[in-house]
Amino acid sequence: MKDIIRTQSLISADIEMLLNQQIKKEAHSSSIYLAMASWCDRNGYDNSADYFFKQAEEERQHQLKFFKYVLDMGGNAVSPDVSNIKQEYNSFREVFEEALEQEINITQSIKNIAARCHSEQDFVTLEFLNWFFREQREEEYKARRALELFEVIGEEGTGRWQIDKHVGQITYNEG
């Protein structure tokens, strides 16, 4: 039966594996952002907590997009276990440094899937991934801008409060 199902799948076993790994990475990202939201909330950074709650929901939606795509292509989407989520941060700035690092890692992971799709001439999955490339451009931009607030405003005095106030106002306009 497995061989019959595989021949009906529109993606290779390798691409399916990479997509399932990406599903797990997106779920992991969502959980990381929830932990960041919790840390920010506990430490009085309400706007940043809201920002990370929104990021967590976006990552969950990304996870579901990948999950549904695997199913739509006749593959087997796997619901991931998520563990080893950092709960404590040494500073407000560290939260944003790790958020940017997380977005860069997700972008690289999607690039790796695209490279494999290109080598297999899986143009359907490549086209699907284009949405994520546009999304990652926005996500990395927002993460960089948030981190830049620490340099522009500074953390002294009311600096952290000002940074927290401006985080929710960061937007990306694809020009």
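What follows is a short chat about this predicted model.

Biologist: What are the ground rules for this model?
Modeller: It is a predicted model: local features need pLDDT of at least 70, side-chain atom pairs count only at pLDDT 80 or more, and totals for chains, interfaces and linings use all residues. Residues are numbered from 1 along each chain as its sequence is written, and side-chain values use heavy atoms, with hydrogens and water left out.

Biologist: At what angle do H3 and H5 cross?
Modeller: Roughly 170°. H3 covers residues 46-72 and H5 covers residues 123-153, and their axes come within 12 Å. Axes are lines fitted to C-alpha atoms, for helices over the stretch in contact, and angles run from 0 to 180 degrees between N-to-C directions. Helices are DSSP runs (H or I, at least four residues), numbered from the N terminus.

Biologist: Parallel or antiparallel, then?
Modeller: That crossing makes H3 roughly antiparallel to H5. The label roughly antiparallel applies to angles over 145 degrees.

Biologist: Which residues meet there?
Modeller: From H3, they include Tyr51, His62 and Phe66. From H5, they include Phe128, Trp131 and Lys142. Contact means heavy atoms within 4.5 Å.

Biologist: How many are nonpolar, polar and charged?
Modeller: Nine are nonpolar, four polar and six charged. Ala, Val, Leu, Ile, Met, Phe, Trp, Tyr, Cys and Pro count as nonpolar; Asp, Glu, Lys and Arg as charged; the others, Gly among them, as polar.

Biologist: New topic. Where is phenylalanine 52 found?
Modeller: In helix H3.

Biologist: Buried or exposed?
Modeller: Phenylalanine 52 is buried, because its relative accessible area is 0%. Buried means under 20%, exposed over 50%, partly exposed in between (1.4 Å probe, protein chains only).

Biologist: What is it in contact with, leaving aside neighbours within four places in sequence?
Modeller: Phenylalanine 52 touches Tyr33, Met36, Ala37, Cys40, Val95, Phe96 and Ala99.

Biologist: And cysteine 40 itself, buried or exposed?
Modeller: Buried, at 0% relative accessible area. Cysteine 117 is buried as well, also at 0%.

Biologist: What about the span of H2?
Modeller: H2 (residues 13-42) has 30 residues and should span 44 Å; its end C-alpha atoms are 44 Å apart, which agrees. The expected span is 1.5 Å times one less than the number of residues.

Biologist: What follows H2?
Modeller: Glycine 44, with a positive phi near 85°. Asparagine 43 lies in the loop between H2 and H3. Asparagine 43 is partly exposed, at 39% relative accessibility.

Key
Helices (H or I, at least four residues) and strands (E, at least two) are DSSP runs, numbered from the N terminus. Angles under 35 degrees count as roughly parallel, over 145 as roughly antiparallel, 65 to 115 as roughly perpendicular and the rest as oblique.
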